[in-house]
Amino acid sequence: MPRYVLTRLTLLALGLLAASAIIFCTLRILPGDVAQTIVGTEGTPEQVAALRAELGLDRPVLLQYLAWIGGVLTGDLGESLLTGAPVAAELAEKARVTVPLGLLSLVVAIVIAVPFGVIAALRRNRVSGAALNALAQLLAAVPVLWAGMMLIVVFAIVLGWLPAQGFPRAGWGDPGAALRALILPALTIGVVEGALLLRFVRSATLTAIDADFVRTAAAKGHTRTGALLRHGLPAVGLSIITMLGVQIAGIVVGAVVIEQVFNLPGIGRMLVADVGARDLTKVQGELLALTGFVLIVGFLIDLVHRAIDPRQRDTAEVQS
Amino acid sequence: MNAPVRFRLMTVAIAAAGSLALTACSGGGSVPGSPAESASLTVGLIAEPTNLDIRHTSGAALEQALIGNVYEGLVARAIDGDQVVPALAESWEVSDDALTYTFHLADGVSFHDGSPMTSADALASLTTVKSDPSVNNHAVLADAADISAPDESTITITLDAPNQNFLFALTGPAGLVLPAEDDTDRRTAANGTGPFTLDSWSRGDALSLVRNEDYWGEPAGVAEVSFVYFGDQAALVSGGRDGSVDAMPAIDPELSSQLSGEFTIVEATTTDKFILAFNSAAAPLDDVRVREALRRAIDHDAILAAVGAAEPLFGPIPPLDPGYEDLAGIVPHDPEGARKLLAEAGVEDLSLELTISNHYGPRLPTLLVSAFADIGVALEVNTVEFATWLSDVHDPSTRRDWQLSIVNHVEPRDFSTWTDPDYYYAIHDEAVLTAVQERYAEAMAEIDQDASAELLAEAAQLVAEWHPADWLYVRQDVIAVAPGVTGFPTAATSTRLPLAGVTVER
């Protein structure tokens with residue numbers, strides 16, 4: 001086990017390093033720079049050149065990369081080129097919106113996917129099961145952006161139950177209002193991601209229903225549903241956890257889009273604003289943090305998977 | 001200097017009336033139907049500042065949020081137009097030769113950190129603009145012969161030549177008074193003299209101001225102002241409809257009907273010029289016949305109708321600025337004439353590329369594609385981010401790499417860009433450029449305002465006849481204001497949004 005963890009950790013570190021290089025290079029391809037953005041249409045080319053030098057944008061790209069990655073390794077994500085504010089502090093501040101939004105979306109997705117996925121599987125030969133499956137297929141195909149706008153129209157504008165835009169100025173100092181502001185966005189992401197997950201839960205459950213050990217349990221006197229719940233689902237649970245890991249990446253992407261639609265001051269909106277202004281040190285930090293988050297979730301899921309699935313552990317030990 | 005004095009009196013009268021209204025509801029200001037001192041005002045906007053450094057960052061969004069609210073200059077623009085009115089200088093005199101300006105500073109002004117504002121601060125601020133080329137609007141004071149502070153409350157500026165635009169230019173960042181000794185990081189904080197202090201700024205989200213209780217003038221009517229920046233027009237209008245925004249100074253006219261039930265919708269004039277610039281440095285647009293043909297192909301009435309809130313414009317000076325003249329006669333909508341001009345120029349199967357920033361939406365490019373198709377010109381639309389536009393079009397080193405461009409130039413009285421041989425839409429004809437430059441210089445040096453405006457009009461006509469661009473229209477602000485909000489500015493709000501006079505009933 002420790003050796004496995006060590007290998008996976010090394011892979012994780014290499015993955016992050018590769019990601020940092022890709023992020024850095026990709027951003028350098030973008031035309032325009034922050035100096036031009038700051039000086040704007042009224043400034044002179046001399047002003048742009050002076051500012052580029054001041055911000056260090058005229059240094060060789062490799063030096064810029066090494067300076068950045070050196071900082072990251074010592075826990076310093078650098079400062080915003082635009083405002084001089086520390087990137088890490090701004091990330092932490094915006095995470096107070098994005099992380100709760102992600103968690104709420106995940107809860108919504110699970111609440112939708114697990115029970116309805118199992119029901120859809122149990123009723124696979126009935127109209128209701130087929131309808132559930134078709135509905136899930138439809139919802140999974142809905143663009144998050146469109147779903148968000150529809151929810152705004154219905155719940156915020158027509159019914160007036162929930163706010164459509166923004167986050168309370170007091171933030172989590174006003175927990176009720178903060179939570180209310182997150183309900184519609186979390187529903188938007190959660191329903192779409194939940195529909196994707198539902199179809200996976202359904203097929204995993206179907207596999208379990210047909211599995212020999214469930215049939216054996218049923219033969220021993222359990223009802224079919226009872227056998228499934230007691231013996232089938234724990235086995236299926238593992239693959240659902242893996243799928244959740246994949247889903248988290250989808251939720252992160254969903255959050256970036258949905259923060260625009262709902263005007264939420266989270267990491268996604270900050271990212272879009274920073275790309276637009278070419279505040280590259282900040283964009284680098286933000287993208288690296290998001291990539292790091294997804295990679296680390298993947299790593300943790302692997303560990304959990306291994307810890308609770310005896311078969312994997314056995315094979316690994318046989319191999320080692 | 002009669003007008004400024006009259007203006008001052010009027011503010012006092014309005015303020016007195018305002019305080020009467022306030023005393024009428026003395027009980028904490030929470031009586032419904034009367035302005036509440038503790039009220040907050042939320043303004044919904046799209047364009048946001050990149051950073052707050054008013055000395056080094058240019059951009060209308062920054063001036064809109066901070067000038068008149070957080071920072072003040074010697075002089076300001078009137079709330080209902082672009083006339084020059086007193087600000088930190090309560091009055092001023094101009095010498096008969098129009099070279100020396102003497103400003104008398106208001107008493108009892110202090111910065112937000114509590115330190116008193118004196119002529120030493122004004123002197124330091126103006127001297128910085130003059131001596132540091134990296135500062136915004138350096139050109140305004142670069143040629144000033146002398147700036148001095150004869151006493152605690154007087155500032156004199158002596159020019160080396162009369163400049164008709166000088167006083168107006170001082171209403172911009174060049175004329176702001178900042179503390180002489182100050183270590184505020186202006187990118188994220190502010191230390192001004194305005195009726196509001198900067199409370200918080202979260203880029204990509206919102207900028208909050210709170211009332212400056214020690215303000216030297218009449219205190220602001222609301223305790224708090226939040227500028228909330230939205231990702232796009234749809235989000236902005238949703239914000240209005242769900243009740244989280246009190247005022248929106250720049251609504252897409254197409255969406256304004258969604259707000260018309262609950263909000264008061266006002267249309268206001270601006271100096272926002274939507275300019276379709278031609279790159280006349282390179283073929284085929286270096287041929288004036290091609291440029292004129294493109295202008296004749298455009299049906300400006302159709303564009304005005306499609307945009308919804310706009311005024312026509314056919315030359316470089318908009319109606320709010322001195323020197324405006326209706327130049328519609330220069331380019332009538334005339335597709336037949338356009339085709340002839342193209343034939344004369346020997347141009348066939350012309351295909352052009354339009355570079356436009358993605359925040360303007362597809363409407364204008366679509367109209368132009370069909371207008372140009374009508375005269376046999378294929379238009380390819382290249383939609384880019386604004387940062388890309390800056391480097392691909394605006395940067396002088398890329399002069400030959402673009403063909404057509406659309407940008408909204410919001411700055412008032414910005415005719416001088418047409419005299420700049422290095423500007424992206426520069427005039428590439430030595431004789432025409434020189435004539436324009438001379439006429440503009442004469443206009444600026446002319447002491448008499450009306451004579452100056454006539455010279456400007458002549459210069460504008462020279463520019464318009466050379467067809468370096470087509471002026472698609474002057475944007476009109478469609479301003480949506482919630483019930484209970486009074487005193488919201490209704491002119492030129494894309495560059496100035498002074499909110500001290502706004503009150504909100506709660």
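Helices are taken as DSSP runs of at least four residues, numbered from the N terminus. In the predicted model, B:Ser452 belongs to one such run, helix H13 of chain B. The relative accessibility of B:Ser452 is 1%, and this residue therefore counts as buried, the limit being under 20%. Beyond its neighbours within four places in sequence, B:Ser452 is in contact with B:Gln164, B:Ala443 and B:Glu446.

Helix H13 of chain B comprises 18 residues, 449-466. At 1.5 Å a residue this helix should span 26 Å, and the distance of 26 Å between its end C-alpha atoms agrees with that expectation. Besides B:Ser452, the buried residues of H13(B) include B:Leu455, B:Leu456, B:Ala457, B:Ala459 and B:Ala460. At the N-terminal end, H13(B) is capped by B:Asp448, which places a side-chain oxygen 3.3 Å from the backbone nitrogen of B:Asp450. After the helix comes B:His467, with a positive phi near 55 degrees.

Chain B is divided into two domains, domain 1 (5-229 + 482-504) and domain 2 (271-475). Their C-alpha centres lie 33 Å apart. Contact between the domains involves 15 residues of domain 1 of chain B and 17 residues of domain 2 of chain B. The size of an interface is often given as the accessible area lost when the parts come together. Between domain 1 and domain 2 of chain B, about 1300 Å² is buried, 50% of it on carbon and sulfur atoms. On the side of domain 1, B:Asp82, B:Gln164 and B:Asn165 supply 42% of the area buried against domain 2, more than any other three residues. B:Gln164 is also one of the residues in contact with B:Ser452.

In soluble globular proteins, nonpolar side chains tend to be buried together. The largest nonpolar core of the model has 51 residues, of which B:Leu41, B:Leu207, B:Phe227, B:Phe488 and B:Leu499 touch the most other members. Among the elements of chain B that give two or more residues to this core are strands S1 (40-45), S8 (196-202), S9 (206-211) and S10 (224-229). Strands S11 (247-248) and S17 (469-481) also do so, as do helices H2 (60-66) and H6 (233-241). Residues up to four places away in sequence aside, B:Leu207 touches B:Pro49, B:Leu52, B:Ala65, B:Leu198 and B:Ser200, together with B:Trp201, B:Val225, B:Ser226, B:Phe227 and B:Tyr229. Apart from this core lies another, of 43 residues, among them A:Ala147, A:Ala164, A:Leu264 and A:Val297.

B:Leu236 lies in helix H6 of chain B. With a relative accessible area of 1%, B:Leu236 is buried. Not counting residues up to four places away in sequence, B:Leu236 touches B:Gly44, B:Leu45, B:Ile46, B:Phe230, B:Met248, B:Ala250 and B:Ile251. B:Gly361 is 125 residues from B:Leu236 in sequence, and the C-alpha atoms of the two are 15 Å apart in space.

B:Ile79 is found in the loop between strand S2 (75-77) and strand S3 (84-86) of chain B. The relative accessible area of B:Ile79 is 41%, so this residue is partly exposed, a class that lies between 20% and 50%. Outside the four places on either side in sequence, B:Ile79 touches B:Pro489, B:Ala491 and B:Pro498. B:Ile79 and B:Leu327 are separated by 248 residues in sequence and by 28 Å in space, C-alpha to C-alpha.

Several loops of chain B carry backbone features of note. The peptide bond from B:Ala283 to B:Pro284 is cis, with omega near 0 degrees, and B:Pro284 is placed in the loop between strand S12 (264-278) and H7. B:Ala98, in the loop between strand S4 (89-94) and strand S5 (100-105), has a positive phi near 60 degrees without being a glycine. At 9% relative accessibility, B:Ala98 counts as buried. B:Asn137, in the loop between helix H3 (119-131) and helix H4 (138-142), also has a positive phi, of about 60 degrees, although not a glycine. B:Asn137 counts as partly exposed, at 27% relative accessibility.

Technical notes: Residues numbered from 1 in each chain as written. Chains lettered and ligands numbered in written order. Predicted model: local features only at pLDDT ≥ 70, side-chain atom pairs only at ≥ 80, totals over all residues. Heavy atoms only, no water. Core = buried A, V, L, I, M, F, W, Y, C linked by side-chain atoms within 4.5 Å. Buried < 20%, exposed > 50% of the residue type's maximum accessible area, 1.4 Å probe, protein only. Contact = heavy atoms within 4.5 Å. Expected span 1.5 Å × (residues − 1). Polar contact = N/O pair within 3.5 Å; in protein donor to acceptor, adjacent residues only side chain to side chain. Domains from an automatic or database assignment. Buried area = accessible area lost by both parts, 1.4 Å probe.
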